[in-house]
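Here are my comments on the model you sent. Please read them with the coordinates open.

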Amino acid sequence: MDVLIGILIPFVGTALGAACVFFLKDQIPALVQKGLLGFASGVMVAASVWSLLIPAIEMSEDMGRMAFVPGAVGIAVGMAFLLLMDRLVPHLHLGAEKSEGLPAHLKKTTMLVLAVTLHNIPEGMAVGVAFAGYLSGEGTITLAGAAALAMGIAIQNFPEGAVISMPLRSEGQSRLKAFVCGTLSGIVEPIGAVITIAFAGILTPILPYILSFAAGAMLYVVVEELIPEASEGNHSNIGTLGFGVGFVVMMILDVALG
């Protein structure tokens, strides 16, 4: 039951963020949006280091000086996977005029939701592999540590849900439809987590590689999309400050609870 609640926490964060469309009249101010994007970036980087990479390296201590191999390989493969997804899945980033991925005749709103959904894939995997590590009996990952990761991702999902639902509303969508679209963008997270946990028995021998894979995929999203969006145009310093706050918050969660 604890694991089920844990894997649903990030999805709840997305839903709560999307619900902002019922309480806010206009689009999120640019200054606030920059801060939220930076905050999300900081959370994801800290989660990649403390919740994923450090446990992966600790699990590989029996490899001696080669303990870095699972981390290095996992990051490289995780980034390559997201690069491939980025090239294949048609999506449109907030504020962009040209879509990415394979050509597709989809509505702008659908492309926006797909962009956020693409971000959420590695986050769902990260939560799933953390709880899979806990269920495997691997002492490096505790229930509290996995829960800290889930809470950290939920915190950064809150602004992400708002950032997708508010623009949809400003483009003429009803509040309910904007909320549903924003919420559904996070549905891949519990699905990805459940699939990962379902294969926990198979994944246990290569758990350090899977943890690093999730970290690499999350880092790709941060460097490729979140940080550029937080840094371009005015108020870029707010995005930088948001990054620092997000990093510290996630670090505190992981160290205090993990």
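Predicted model: local features only at pLDDT ≥ 70, side-chain atom pairs only at ≥ 80, totals over all residues.

1. Start with the length of helix H5, residues 143-170. At 1.5 Å a residue, its 28 residues should span 40 Å.

2. H5 is not straight throughout. A bend of about 25° falls at Asn157.

3. Is H5 mostly enclosed or open? Of its 28 residues, 20 are buried, with buried meaning under 20% relative accessible area. The helix is therefore largely enclosed by the rest of the structure.

4. Check the residue after the helix as well. Gly172 follows H5, and its phi is positive, near 110°.

5. One cavity of 30 Å³ or more is present in the structure. The largest cavity holds about 170 Å³ of space.

6. Which residues lie nearest the centre of the largest cavity? They are Leu37, Val116, His119, Val163 and Glu229, out of 17 lining residues. Helices H2 (30-59), H4 (108-135), H5 and H9 (207-231) each give two or more residues to this lining. H5 gives the most, with five.

7. Twelve of the residues lining the largest cavity are nonpolar, three are polar and two are charged. Glu229 is among the residues nearest the centre, and Glu counts as charged.

How values were computed: Residues numbered from 1 in each chain as written. Heavy atoms only, no water. Helix = DSSP H or I, 4+ residues; strand = E, 2+ residues; numbered from the N terminus. Expected span 1.5 Å × (residues − 1). Bend = angle between axes of the 7 residues up to and from the residue. Buried < 20%, exposed > 50% of the residue type's maximum accessible area, 1.4 Å probe, protein only. 1 Å grid on protein atoms, 1.4 Å probe; cavity = no way out; pocket = protein on both sides within 12 Å on 5 of 7 lines; lining within 4 Å. Points joined across faces, edges and corners; volume = space filled by probe spheres on them.
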